[in-house]
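Please keep the structure open while working through the numbered points.

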Amino acid sequence: MAVVGVLALQGSFNEHIAVLRRLGVKGVEIKKPEQLDNVASLIIPGGESTTMAKLAQYHNLFPALREFVKMGKPVWGTCAGLIFLANKATGQKIGGQELIGGLDCTVHRNFFGSQIQSFETELSVPELASKEGGPETFRGVFIRAPAILEVGPEVQVLADYTVPTNKVLDSNSAVEMREEKNWSEEKVIVAVRQGNLLATAFHPELTADSRWHSYFLKMASNVLEEASSSIVAVGGVDLSLNKQPKNDLPIFQ
Amino acid sequence: MADTGVVTVYGNGAIYETTAKKSPFSVKVGLAQMLRGGVIMDVVNAEQARVAEEAGACAVMALERVPADIRAQGGVARMTDPQLIKEIKQAVTIPVMAKARIGHFVEAQILEAIGVDYVDESEVLTVADEDNHINKHNFRVPFVCGCRNLGEALRRIREGAAMIRTKGEAGTGNVVEAVRHVRSVMGDIRVLRNMDDDEVFTFAKKISAPYDLVMQTKQLGRLPVVQFAAGGVATPADAALMMQLGCDGVFVGSGVFKSGDPARRARAIVQAVTHYSDPDMLAEVSCGLGEAMVGINLNDDKVERYANRSE
């Protein structure tokens with residue numbers, strides 16, 4: 001089972017499939033519920049979570065996705081995918097949107113504001129660096145990104161981000177953050193893991209650094225020990241990270 | 001992206017903080033990447049924006065008049081009233097785009113100030129500067145620009161556009177020009193891919209595009225930014241046609257809210273873009289959508305060609 005499903009309703013699914021291909025793993029597009037039967041792990045890409053939720057609803061994907069999560073199969077959500085996996089999301093559209101749930105946390109949708117507030121930053125990622133090697137930081141691309149305000153006891157925090165005080169935040173997010181006890185006011189969580197669920201608020205699929213993808217693939221292969229040998233490329237991922245492309249552009253297929 | 005090399009300051013330092021606050025090009029392109037596989041709809045008020053959001057549009061374009069009305073009523077078409085854009089922004093959670101006139105960088109500054117997510121420097125509005133486009137490197141907000149062929153696309157990207165849409169012919173409900181422009185871009189890229197590296201210099205000269213971007217396009221095998229289709233898409237089949245021709249997504253202007261049943265048609269077009277390669281699904285979503293918008297036949301020379309307003 002060396003194939004990974006990528007939810008392909010809308011958003012950056014091509015980018016995820018391209019990164020998987022670079023790691024020697026096949027990514028398949030998932031657009032219908034029955035296609036989930038053929039994959040052992042799933043990536044929910046970035047995109048407009050409202051749009052993706054609508055499309056998932058039209059095709060009755062939510063029951064199948066919830067079942068997938070409940071069976072303990074590895075699922076990774078980036079940005080919109082994180083919102084999908086969260087048990088609770090704030091800042092939604094009028095009438096709300098359907099979620100898959102499973103990840104014990106509260107997510108604030110579009111936490112950082114509009115596109116002008118989108119940014120790039122070097123995140124400290126100790127867990128990732130210890131498992132996958134490479135530098136201690138990861139280039140996080142945040143695009144109208146959500147942030148995790150609150151996590152349950154079983155959730156492991158993999159990365160957080162200190163919001164610069166001059167950053168303009170919408171007022172209600174500041175209020176909600178004050179209710180938080182464990183973190184100082186300006187810190188938000190941007191990457192978490194709970195069992196076989198992985199979630200990042202930023203977009204590793206837009207960068208040349210594929211460590212998050214190989215981290216996820218290892219999670220997937222640990223679940224299927226019997227099949228672990230079939231995901232050959234994972235163990236041998238070449239971490240010579242100096243092969244960064246010359247320019248800043250995202251990697252298109 | 002070599003955008004660091006181009007820093008032009010307008011109005012004697014009016015935008016002096018550009019270097020300090022500039023968003024990297026990757027972040028600008030990033031939002032466009034998040035819109036891939038989606039539909040961006042023209043809306044003229046908050047209710048329409050809500051309809052579009054509920055139908056699953058991945059962004060809305062806030063306008064005072066849809067292109068079909070601009071065509072019918074004539075007159076000078078300008079940037080939308082910022083108040084209206086703010087109302088639309090409040091009504092929805094999806095990204096909100098707005099149009100600025102070609103070359104009118106102050107309209108773009110205003111749009112940036114009210115926090116729109118993307119600015120469309122659009123030929124659908126009356127041109128403000130017949131010679132120059134906006135220097136889009138000076139802005140933190142990303143831009144989408146129209147093109148009819150590969151050369152035009154790469155010139156816009158060099159000016160700082162982070163997303164490209166083929167122009168088509170807005171407000172006509174006629175997809176013929178959209179097909180022509182997409183075919184032209186895709187055809188040129190196919191020619192470029194098979195070209196010897198030595199020939200790229202002359203090719204760049206021929207299409208009047210910067211050599212480095214032409215070479216990058218050759219290496220990537222596609223435009224270096226996200227490419228949407230626009231101008232004349234009126235049915236789910238039109239939208240799927242654009243996707244099958246290789247576009248990353250679709251703009252629908254007058255096609256939705258000038259039709260008999262906007263909510264239903266909007267939803268059908270969104271589904272058609274997701275399932276663009278599945279004829280069974282396309283057949284299903286195309287059924288019983290009510291009246292499509294009235295189209296304009298483009299064989300008539302009297303119909304003004306918006307696409308020709310800029311080079």
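1. The buried residues of helix α11 (residues 236-244) of chain B pack against α8 (176-193), β7, β8, α13 and α14 (279-286) of chain B. Those buried residues are B:P236, B:D238, B:A239, B:A240, B:M242 and B:M243. Here buried means under 20% relative accessible area, exposed means over 50%, and partly exposed lies in between, with a 1.4 Å probe and protein chains only. Packing rests on contact, that is, heavy atoms within 4.5 Å. After α11(B) comes B:G246, with a positive phi near 115°.

2. The model is predicted: local features need pLDDT of at least 70, side-chain atom pairs count only at pLDDT 80 or more, and totals for chains, interfaces and linings use all residues. Residues are numbered from 1 along each chain as its sequence is written, chains are lettered from A and ligands numbered from 1 in the order in which they are written, and side-chain values use heavy atoms, with hydrogens and water left out. Helices (H or I, at least four residues) and strands (E, at least two) are DSSP runs, numbered from the N terminus.

3. In chain B, 8 strands close into a barrel with parallel pairing, in the order β1-β2-β3-β4-β5-β6-β7-β8. From one strand to the next, the twist averages 30°. Two strands pair if DSSP finds at least two bridges between them. Strands of a sheet pair through backbone hydrogen bonds, either parallel or antiparallel.

4. One pairing in chain B can be followed in detail. Strand β7 (residues 226-229) of chain B runs parallel to strand β8 (residues 249-252) of chain B, and 2 bridges join them. B:A229 has B:V250 in β8(B) as its bridge partner. Helix α13 (residues 262-274) of chain B packs on the sheet, where it touches β1 (39-43) and β8 of chain B. The direction of α13(B) makes about 155° with that of β1(B); axes are lines fitted to C-alpha atoms, for helices over the stretch in contact, and angles run from 0 to 180 degrees between N-to-C directions.

5. How many cavities of 30 Å³ or more are there? The count comes to 5. On a 1 Å grid over the protein atoms alone, a cavity is a set of points where a 1.4 Å probe fits but cannot get out, and lining residues have an atom within 4 Å of a point. Grid points are joined across faces, edges and corners, and a volume is the space filled by probe spheres set on the points.

6. The largest cavity has a volume of about 180 Å³. Its lining has 23 residues, and those nearest the centre are B:D42, B:A170, B:A230, B:G231 and B:G253. Two or more lining residues come from each of β4 (118-122), β8 and α12 (254-257) of chain B. By class, this lining has 8 nonpolar, 9 polar and 6 charged residues; Ala, Val, Leu, Ile, Met, Phe, Trp, Tyr, Cys and Pro count as nonpolar, Asp, Glu, Lys and Arg as charged, and the others, Gly among them, as polar.

7. The second largest cavity holds about 120 Å³ of space. It is lined by 14 residues, of which A:G47, A:E48, A:C79, A:R109 and A:R144 are closest to its centre. Elements giving two or more residues to this lining are α4 (80-85) of chain A and α2 of chain B. A:C79 lies in the loop between β4 and α4 of chain A. Its phi is near 55°, a positive value in a residue other than glycine, and A:C79 is buried, with a relative accessible area of 4%.

8. Is helix α1 (residues 13-22) of chain A largely enclosed or open? Because 8 of its 10 residues are buried, α1(A) is largely enclosed by the rest of the structure. The cover over its buried residues includes β1 (3-7), β2 (26-30), β3 (42-44), β4 (75-78) and α7 (211-223) of chain A, together with α2 (25-34) of chain B. A:G24 follows α1(A) and has a positive phi, near 80°.

9. Chain A as a whole has 8 helices and 12 strands. Of its 253 residues, 60% are buried.

Note on methods: 1 Å grid on protein atoms, 1.4 Å probe; cavity = no way out; pocket = protein on both sides within 12 Å on 5 of 7 lines; lining within 4 Å.
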